[in-house]
Amino acid sequence: MFSRFTRAIVRPPARNFADGLTTADLGTPDVDGALSQHRAYCDALVRHGVQLVTLDADARYPDATFVEDTALILPDLGAIITRPGAASRAGEVDAVADALRVHFSDLARVTEPGTLDAGDVCEAGNHVFIGISQRTNNNGAAQLAAWLAPFGITSSTVDIRGVPGILHLKSGIAALEPQRLVLIDAFVDHPAFAGFDVVRVPPGEEYGANCVRVNDAVFVSAGQPQLETQLRACGYALEVLEMGEYRKMDGGLSCLSLRF
Ligand code: CIR
């Protein structure tokens, strides 16, 4: 599952981006700042060989820029459209499904009563961790597990509801290789992650845990200097990206693109 990505779906924020959901106490995001951070993010994807599929902004869905939550893609194999756990985000899936139908003839879907935000899905080689969160329920996780199994992909759940400060599983974990995870302290001793090579996120830099391997580089949010040093020591080239306007809306770096 660490194939090269050649494409990514992205969706710039609408002018009413600040009307989206958030628990962060970091102030109101500036939409022009968010657009400029989005452009820089897209430019970085292009620099690393990724062709963009850019969806139109849609003011009906102020959180729609966080496209990652709406689908899980197994490059060259298949894609499943999620059923987002927040009611205000339910309709975001339509435009993403339309875009994916061009590439995947048979799109699967998470259906009621399951809910799943793909920000809760972390792929590590042929195993997938599924966070049980305020957005993803056990039924949604079971539906995803059943969809993955015929592809030879195993899965397990990680209940994150008691972990403070994270919205999704991937707010606190990233897979850089099939056997190498970035983990916040809250996950370091979790049995689910035993046996993995771990890059431990320094205290105070937890927001940086939501980094993404894109082909030969790791994309990481700006402002995490110790984590940057650790990642460079592992041999990764980094793309350090300003994410401040998205952080104000509980958004991480991974959620701005759906890579395949
Ligand atoms: C939300 O609360 O749904 C959005 N404001 C943020 C979603 C971020 N998604 C992600 O980290 N995968």
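This is a predicted model: local features need pLDDT of at least 70, side-chain atom pairs count only at pLDDT 80 or more; totals for chains, interfaces and linings use all residues.
Figure 1. The largest cavity is lined by 23 residues. Nearest its centre lie F5, E123, K170, V212 and R259. The space inside the largest cavity comes to about 370 Å³. By class, 15 nonpolar, three polar and five charged residues make up the lining of this cavity. The structure holds one cavity of 30 Å³ or more.

**Figure 2. Strands that contribute to the lining of the largest cavity.** At least two lining residues come from each of β3 (71-74), β6 (121-124), β9 (173-177), β12 (212-214) and β15 (258-259). Among the residues nearest the centre of the largest cavity are E123, V212 and R259.

**Figure 3. The largest pocket and the residues closest to its centre.** The volume of the largest pocket is about 570 Å³. Of the 30 residues in its lining, G165, L167, S171, D250 and G251 are the closest to the centre of the pocket. The lining of the largest pocket divides by class into eleven nonpolar, ten polar and nine charged residues.

Figure 4. Leaving aside residues up to four places away in sequence, Q226 touches P202 and E205. Between the C-alpha atoms of Q226 and G204 the separation is 9.8 Å, and these two residues are 22 positions apart along the chain.

**Figure 5. The fold as a setting for the close-up views.** Six helices and 15 strands make up the secondary structure of the protein. The radius of gyration is 17 Å, close to the 18 Å that the globule rule gives for 260 residues, so the protein is as compact as a globular protein of that length. The C-alpha trace spans about 45 × 40 × 35 Å along its principal axes. Among contacts with a separation of 6 or more, 68% are between residues 24 or more positions apart.

Figure 6. Of the 260 residues, 55% count as buried. The protein exposes about 10,800 Å², and carbon and sulfur atoms supply 49% of that area.

Definitions and conventions: Residues are numbered from 1 along each chain as its sequence is written. Side-chain values use heavy atoms; hydrogens and water are left out. On a 1 Å grid over the protein atoms alone, a cavity is a set of points where a 1.4 Å probe fits but cannot get out, and a pocket is an open set with protein on both sides within 12 Å along at least five of seven lines; lining residues have an atom within 4 Å of a point. Grid points are joined across faces, edges and corners, and a volume is the space filled by probe spheres set on the points. Ala, Val, Leu, Ile, Met, Phe, Trp, Tyr, Cys and Pro count as nonpolar, Asp, Glu, Lys and Arg as charged, and the others, Gly among them, as polar. Helices (H or I, at least four residues) and strands (E, at least two) are DSSP runs, numbered from the N terminus. The radius of gyration is taken over C-alpha atoms; the globule rule is 2.2 Å times the number of residues to the power 0.38. Buried means under 20% relative accessible area, exposed over 50%, partly exposed in between (1.4 Å probe, protein chains only). Contact means heavy atoms within 4.5 Å. Accessible areas come from the Shrake-Rupley method with a 1.4 Å probe; for residues, only the protein chains shown count as cover.
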